[in-house]
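Hi there,

Here is the structure I promised to pass on to you. Have a look at it first, and then read on for some notes on its aromatic rings.

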Amino acid sequence: MIEKISKEKIIDTILLLYAFSLIISKFGISLFGGILAIFSIIYIIKNKEKNKYNLFFFLFLFGVITQFFSIGGIKSSINFIYKNLFLLITPFVIKYLDEEEISKSFLRVIEVSLFIGILKSFYNFYKVYNLTYTSAIRVDSFFDIGRWGIVLVMSLLLILPNLYKKNIFSWIVFISGLVSLILNNSRGPILSLILGVFIFLILGKKVKSIIGIFIIVLFFYYENVGNKSSLISEFSKRISTVLITDSGGNGARLFMWKENTHFMLDGLKEGNKKLFYMGTGIKNREELFKSYIEKKEEYINLKKDIKNAVSFSDAHNMYLNMFTQMGLIYSIFYYIIMIYFGFIVLKNYFKNKSDYILSYLSAIVAFYFCGIFYSYSFTYETFLFFFILSLGLLEKTGGKNDINIRS
């Protein structure tokens with residue numbers, strides 16, 4: 001009995017440290033994620049039971065194999081192993097939390113970690129920009145700009161149920177998080193948060209909240225019209241650039257989408273079937289795409305501001321990035337399995353009508369939506385996404401608006 005309790009305590013501690021690291025520490029993600037991956041392998045080997053969560057383990061093994069046959073070969077296969085530990089971690093996290101019943105401690109830890117990340121972004125705002133906000137600034141935190149934006153969004157969506165419980169700390173974190181998101185000025189995450197909140201309010205039938213938000217938006221809109229030099233005006237200026245597609249980052253993003261697609265299709269036409277079906281390999285894309293694109297007239301004749309924003313290593317789209325690096329075969333299997341688990345989370349929500357599950361679902365949708373504009377295939381924020389997905393897949397989530405606590 002003492003040994004069992006001791007083992008549970010150890011795993012609980014590692015899980016809590018892992019959850020705490022997901023927002024503020026790359027080292028913590030690698031360290032505690034690696035330990036959890038070992039636990040997961042041992043769990044799968046010892047139990048040998050067939051369940052749907054072993055599909056994540058299958059994806060991991062399948063990715064290692066397909067990367068070996070990619071253009072990157074054995075090096076890309078090794079890179080896949082340490083960049084996709086979240087696939088190994090997920091089956092164990094789901095089964096362990098389901099068997100032991102999830103503790104609220106995990107959500108509290110994420111909330112505290114988020115607040116630390118927000119405070120770090122405020123410090124960066126002071127240090128780098130001297131507390132001066134314009135539409136051109138981009139404030140990061142422990143992670144870089146794009147990663148901090150989506151990590152912030154997913155974490156803020158997790159807090160939504162606590163706001164209805166009038167938790168003062170949650171309100172402080174949420175409001176300060178919105179400020180941090182404005183300072184971040186990443187348009188994709190901002191639009192993703194709006195979409196996530198919309199899903200939470202509509203599916204949750206939060207009529208009063210919808211009316212309240214509508215009134216607030218109208219107020220700030222008219223305030224902005226009357227005050228062109230306000231902070232709101234600067235923020236609106238940044239958001240309005242979403243529709244500008246013939247210059248800068250937006251023009252480069254559209255160009256990269258088009259040319260990455262051509263890169264893969266041309267490989268198939270020119271007999272390079274390995275590229276099309278198995279991909280360039282992880283961390284092997286930049287040199288191949290650069291040599292392909294630099295000699296094309298479309299790239300040579302690009303406007304200077306667009307050309308400067310073009311990336312050879314990143315397609316600026318999660319789905320295209322997966323396709324170019326992993327190839328068609330793995331990408332198809334990956335997204336079929338992810339859609340399958342996404343529907344399970346949706347089913348869990350309609351079964352339990354839990355605001356917590358709805359917040360997980362909103363965060364999952366926000367992540368997928370933001371992936372249209374950013375590449376989140378094998379990066380640190382993907383670990384947070386899979387942890388949230390794990391929470392949404394738990395079968396013992398109980399209560400209408402609550403979750404079970406380990407007794």
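A residue counts as buried when its relative accessible area is under 20%. Phe387 has a relative accessibility of 3%, so Phe387 is buried. Please keep in mind that this is a predicted model.

Now to the ring pairs. Searching the whole structure turned up 37 aromatic pairs. One of them joins Phe80 and Tyr330: the ring centres are 5.8 Å apart and the planes stand at 85°, which makes the pair edge-to-face because that angle is over 60 degrees. This pair links distant parts of the chain, since Phe80 belongs to helix α4 (residues 73-83) and Tyr330 to helix α17 (residues 318-352), 250 residues apart. Phe80 is buried, at 0% relative accessibility, and Tyr330 is buried too, also at 0%.

Phe387 comes back in another pair, with Phe106. Here the centres lie 6.4 Å apart and the planes make an angle of 55°, so the pair is tilted. Again distant parts of the chain are linked: Phe106 is in helix α6 (residues 105-129) and Phe387 in helix α19 (residues 380-393), 281 residues apart.

Which charged residues sit over rings? Lys206 lies over the face of Tyr164, 4.7 Å from the ring centre. The charged end of Arg285 is over the ring of Phe289, at 4.8 Å from its centre.

Best wishes

How values were computed: Residues numbered from 1 in each chain as written. Predicted model: local features only at pLDDT ≥ 70, side-chain atom pairs only at ≥ 80, totals over all residues. Heavy atoms only, no water. Phe/Tyr/Trp six-rings, centres within 6.5 Å; stacked < 30°, edge-to-face > 60°. Helix = DSSP H or I, 4+ residues; strand = E, 2+ residues; numbered from the N terminus. Buried < 20%, exposed > 50% of the residue type's maximum accessible area, 1.4 Å probe, protein only. Lys NZ or Arg CZ within 6 Å of the ring centre and 35° of its normal.
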